[in-house]
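Let's take a friendly walk through a protein model. Have the sequence and the 3D view ready as you read.

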Amino acid sequence: MSEKKRILTGDRTTGKLHLGHYVGSLQNRVRLQDEYESFILLADIQALTTHFEHPELLEHSIYEVAMDNLSVGLDPNKITLVQQSRIPSIGELTVFYSMLVSVNSLRHNPTIKTEAANYGYNDMTYGFLGYPVSQSADITFCKANLVPVGEDQKPHMEMTRKIVRRFNELYGETLVEPDMMLSDCPRLMGLDGNAKMGKSLGNAIYLSDPAEEVRKKVMSAVTDASRIKKDDPGHPDICVVSKYHKVFNAGEYENICESCKKGAIGCVACKKALASALSALLEPFREKRAYYEAHRDEVRDIILTGSEKANKIGNETVKEVKEAMHIYIGD
Ligand code: TRP
């Protein structure tokens, strides 16, 4: 038996992952994979809550998201990749937990509200409204202690903790209350100046983008509009490119800001420096990805084996949950 504490985190399988995902969560996953027994969920059921009318996209995305996780350095011999829809215990726990959650608490969940507005839902489905309950089942089926996620997941973490406390209070100590782990990095802005990097916003740099694509995206970034000539003094404090240097080129960040303020480095040179810093980060990911692209069967096996392992754990948890709720009468 492993003595390690557990991590569970994951991604909706609606498309490839980008730098925002890396900074917000993937980086932490890689850092913690030795210290924790880690489960990475390919959340395909949660993907359906918004993409049920586009099923053609999902199978492909399951592989993309799996490869994104593997290519940033998660070691398949250390971590467990789990496909959500292969874990019946998640569905069972979702139903049990739904008794403990009021419809109003879901309606008032700030992330649900924002997402419903973004997707233009004025009459949202039961599945969409209830996905935070399903996410609580994701986290608790393996009794995870820690969940590395971005800030937008905070309301879902609060709901999970509340469900666990309520369950344990009603039926006896059964579930584990998980902690949330936020990244030290602030949320990554879009290079177009948007507050967020996102697929739907059209401003994402994908982990799988080829070098030339990354360079093009960086070169098209908006910078300080008041700077016309390259030796005009710049204002790095209001420039999104400087924010990226801080995250991805920390060693040269101070220098670049000073040179910019003095008008000693122009925007083009500054962007080129960023593009090469990003290349240094992404190149090893590309190499690993090329391997997995060429060995899709191996990726599939990793997902199937991981899901089988998760199922054993999940079935155990469901049994304990049923016992605690007094609905288990034996095999
Ligand atoms: N909702 C998460 C996101 O959009 C994805 C997710 C699904 C998740 N299940 C999870 C994250 C369980 C952490 C734990 O990014």
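## Ground rules

This is a predicted model, in which local features need pLDDT of at least 70 and side-chain atom pairs count only at pLDDT 80 or more, while totals for chains, interfaces and linings use all residues. Residues are numbered from 1 along each chain as its sequence is written, and side-chain values use heavy atoms, with hydrogens and water left out.

Helices (H or I, at least four residues) and strands (E, at least two) are DSSP runs, numbered from the N terminus.

Look at the side chain of Asp138, where an N or O atom is 2.8 Å from a nitrogen atom of the ligand. For Gln135, the distance from a side-chain N or O atom to a ligand nitrogen is 2.9 Å. The protein covers 89% of the 370 Å² of accessible area that the ligand has on its own (Shrake-Rupley method, 1.4 Å probe).

## Two crossing helices

How do helix H3 (residues 58-71) and helix H14 (residues 296-324) cross? Their axes, which are lines fitted to C-alpha atoms over the stretch in contact, come within 11 Å and cross at roughly 90°. The two helices are therefore roughly perpendicular (65 to 115 degrees, on a scale from 0 to 180 between N-to-C directions).

Contact means heavy atoms within 4.5 Å. Residues making the contact include Ile62 and Met67 of H3 and Val299 and Ile303 of H14.

## Met181

Met181 is found in strand S5 (residues 179-181). Met181 and Val149 are 32 residues apart in sequence, yet 6.2 Å apart in space, C-alpha to C-alpha.

Note on methods. Parallel < 35°, antiparallel > 145°, perpendicular 65-115°, else oblique. Polar contact = N/O pair within 3.5 Å; in protein donor to acceptor, adjacent residues only side chain to side chain.
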